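Please look over the sequence and the model shown here before reading on. The report after them is written for someone who has not seen this structure before.

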Amino acid sequence: MADLTIDRISKSFGKTRILRDVSLAVQDGEFLSLLGPSGCGKSTLLRIIAGLETRDAGSIAIGGRAVDALRPKARDVAMVFQSYALYPHYTVERNIALPLQMRRLSRWQRLPLVGRLLPGSRSARAEITTEVLGVARALEIEPLLGRKPGQLSGGQRQRVALGRAMVRRPAVFLMDEPLSNLDAKLRVQMRVEIKELQQRLGATIVYVTHDQSEAMTMSDRIAVMMAGEILQVGAPHDLYMSPVDRRVATFVGSPPINLLQAALAASGDVTVSGRCIGAIHDTGPARPLTLGIRPEVISVTQPSIKRLTARVRLIEHLGSDVLVHAAIDGQAHPVIARIASEPAHTVAAGQTIGLEASPGRILLFEADGRRLDARWRGTAQARPLERVS
Amino acid sequence: MAAVALAGPAFLLLFALVLLPCAAVFVIALTDWQLGARTLHFVGLDNFVELLSDPVFRRSFRNTLVFAGGVVPATLGAGLLVALLIEAGNSARAVYRAIHFLPFMATLAAMAVVWEALLHPTIGLVNQAFQALGLPTANWLRDEDTALAALAVISVWQNLGLAMVLFLAGLKAIPPDLYDAADIDGADEPIDRFATVTLPMLGPVGLFVLVIVALRVIETFDTVRILTEGGPAHASELLLHTLYVESFDFLRTGYGAAMAVVFLVIVTALTLLQAQLLDRRMHYQ
């Protein structure tokens with residue numbers, strides 16, 4: 001296992017810039033996700049790390065060693081593909097054994113019949129078989145060793161792909177959306193298994209996904225990428241609580257963060273839909289702002305002059321929680337509040353309700369998306385959007 | 001009733017143009033009918049017995065086997081090589097494809113006339129080029145030793161296009177992910193990529209091309225008729241040509257029909273083999 005350093009990688013295909021000066025450091029034994037929407041460049045970055053694509057500028061180092069001039073097989077990385085890329089004409093055992101065969105047997109020793117008779121071939125092959133069996137046992141696919149990929153289910157194929165990567169004990173595992181082709185239930189189960197595997201092996205994993213829940217549940221750190229740039233790198237909790245950009249705030253978290261149009265006065269007063277909800281220190285000039293409020297931060301109360309009012313449009317029951325969709329006058333989009341089921345049975349569609357939120361959990365974003373890190377004034381006083389008690 | 005009405009016309013055509021003549025051939029093979037004669041007599045299996053000892057037929061049969069045995073592997077090999085080269089290239093693929101496919105598209109009879117000019121012993125381009133390069137020349141179509149080989153070269157030239165397009169389609173169907181996986185696994189030399197990914201994935205296509213090309217090669221007629229007429233001394237005689245000559249030149253149609261039966265058996269065996277092999281191979285993703 002080793003650490004991975006990505007230093008100012010740039011890549012363009014023709015005139016389109018896919019990656020812009022991307023830098024990232026992955027610790028030894030860390031599970032890092034590259035999270036972003038389709039087309040943001042995360043798969044391209046992964047392929048550049050693997051050596052399957054060439055970079056235009058920048059460098060990659062694995063375990064302190066620069067690998068830019070090395071071919072994929074020399075970089076000591078293993079990759080799990082979204083489509084698994086198993087050799088359909090080989091058995092599961094041969095699929096897993098192939099990387100070892102390529103490395104340990106010479107071309108003569110690999111020949112179908114004659115190769116086995118050459119000196120050294122038998123002991124090398126026996127070693128390989130032992131290692132393949134070990135990996136198959138660890139992944140619980142030992143009974144499948146004689147089958148071909150076409151005879152396996154999606155989940156089983158996924159494990160074979162993992163086995164093929166694991167058997168080499170590489171410095172870094174690269175995974176390109178390996179769970180995307182599985183059904184939802186299997187995906188949740190495999191998430192846990194992959195995470196447990198990583199902890200057991202102490203493996204360094206770079207995991208590409210567009211599914212924020214996958215990234216949040218599995219990663220030690222997440223790197224959020226958009227349009228070829230890394231917006232933020234941090235632990236899931238930090239990304240969720242302190243996003244540095246509005247795009248990061250919207251991408252992470254489900255249901256997505258509520259965004260409200262607000263205005264900041266020179267005095268520091270923040271107004272939403274004409275109602276002043278508080279004031280902040282160190283403001284700068286008057287300008288429009290966006291407020292970001294997570295659904296679970298909003299509580300639903302009786303409507304009153306002192307609170308922000310909204311009309312309920314829709315209720316979604318999740319069992320343990322309820323999602324209340326409510327429209328605020330003057331706001332383009334409805335807000336979603338997540339509240340516990342018990343008090344929720346009094347809320348119905350069409351009702352007018354009041355909304356409250358603790359100011360410490362309200363995020364402020366500038367017009368260009370950057371987070372404005374400011375402190376609210378006088379938090380002891382009750383404010384319209386403030387939780388009572 | 002509707003089923004009969006809809007399938008009826010097609011079935012009638014099939015019956016009249018294929019099944020009936022086929023049955024007729026089997027029947028005529030058991031007679032001594034001469035083309036155009038008003039009477040015929042049943043002679044049982046006499047025609048087949050005569051076939052077994054006929055030196056011309058035996059030569060023709062042997063020639064066909066040797067011909068196919070040489071042309072089919074050469075066509076497949078060359079077709080695959082050209083397909084691999086075109087697929088690996090980055091530019092002008094359509095041009096190379098068209099160039100190699102043209103011989104297949106062209107009317108073989110017309111091309112045969114061109115080849116006759118090319119293979120002319122004195123003014124033909126082939127001999128002129130060979131002379132310039134210091135290679136031995138020969139009277140390609142009139143020499144017993146080279147006539148069949150010359151026809152074989154022409155056959156490869158013509159069928160290569162077919163093998164190539166089929167292999168190209170097969171190559172395109174290989175998922176590029178597999179090559180990426182092979183690269184990472186360590187199989188990144190061209191020969192390793194070929195052995196680990198390309199060749200196995202082309203298996204079913206290869207079998208299909210094999211049988212298709214074999215059928216075409218066994219049915220070679222135009223070149224023999226136009227260029228050598230089976231000569232000199234039956235050195236380039238091929239089955240279909242012998243059959244034609246007996247039936248329509250010598251008018252011994254009964255005897256020719258017996259040859260047709262033998263020919264039909266070979267072709268049917270090949271087609272059944274293809275169906276069997278393809279059927280078994282269908283069961284994988």
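Predicted model: local features only at pLDDT ≥ 70, side-chain atom pairs only at ≥ 80, totals over all residues.

Residues are numbered from 1 along each chain as its sequence is written, and chains are lettered from A and ligands numbered from 1 in the order in which they are written.

Helices (H or I, at least four residues) and strands (E, at least two) are DSSP runs, numbered from the N terminus, and two strands pair if DSSP finds at least two bridges between them. In chain A, an open sheet of 4 strands, paired in the antiparallel sense, has the order E2-E1-E4-E5. Its edge strands are E2 (16-26) and E5 (65-66) of chain A, each of which pairs on one side only. Within E2(A), Ala25 of chain A stands opposite A:Thr5. Helix H1 (residues 42-50) of chain A lies across E1, E2 and strand E4 (57-62) of chain A, and runs at about 115 degrees to E1(A); here axes are lines fitted to C-alpha atoms, for helices over the stretch in contact, and angles run from 0 to 180 degrees between N-to-C directions.

| Pair | Sense | Bridges |
|---|---|---|
| E1(A) (residues 4-13) and E2(A) | antiparallel | 7 bridges |
| E6(A) and E7(A) (residues 172-176) | parallel | 4 bridges |

In the second pair, A:Val77 has A:Val172 in E7(A) as its bridge partner. Both faces of E6(A) are covered, with A:Val77 and A:Met79 buried on one side and A:Ala78 and A:Val80 buried on the other; a residue is buried if 20 or more other C-beta atoms, placed from the backbone, lie within 10 Å of its own.

Chain B, by its secondary structure, has 12 helices and 0 strands. Its C-alpha trace spans about 75 × 70 × 35 Å along its principal axes, and buried residues make up 32% of its 285 residues.

Where the chains meet, 20 residues of chain A are in contact with 15 residues of chain B, two residues being in contact if their C-beta atoms, placed from the backbone, lie within 7 Å. Strand E6 (77-80) and helix H2 (92-104) of chain A each supply at least two residues of the side of chain A that touches chain B, and H2(A) gives the most, with 4 residues.

How values were computed:
Buried ≥ 20, exposed ≤ 12 C-beta atoms within 10 Å, placed from the backbone.
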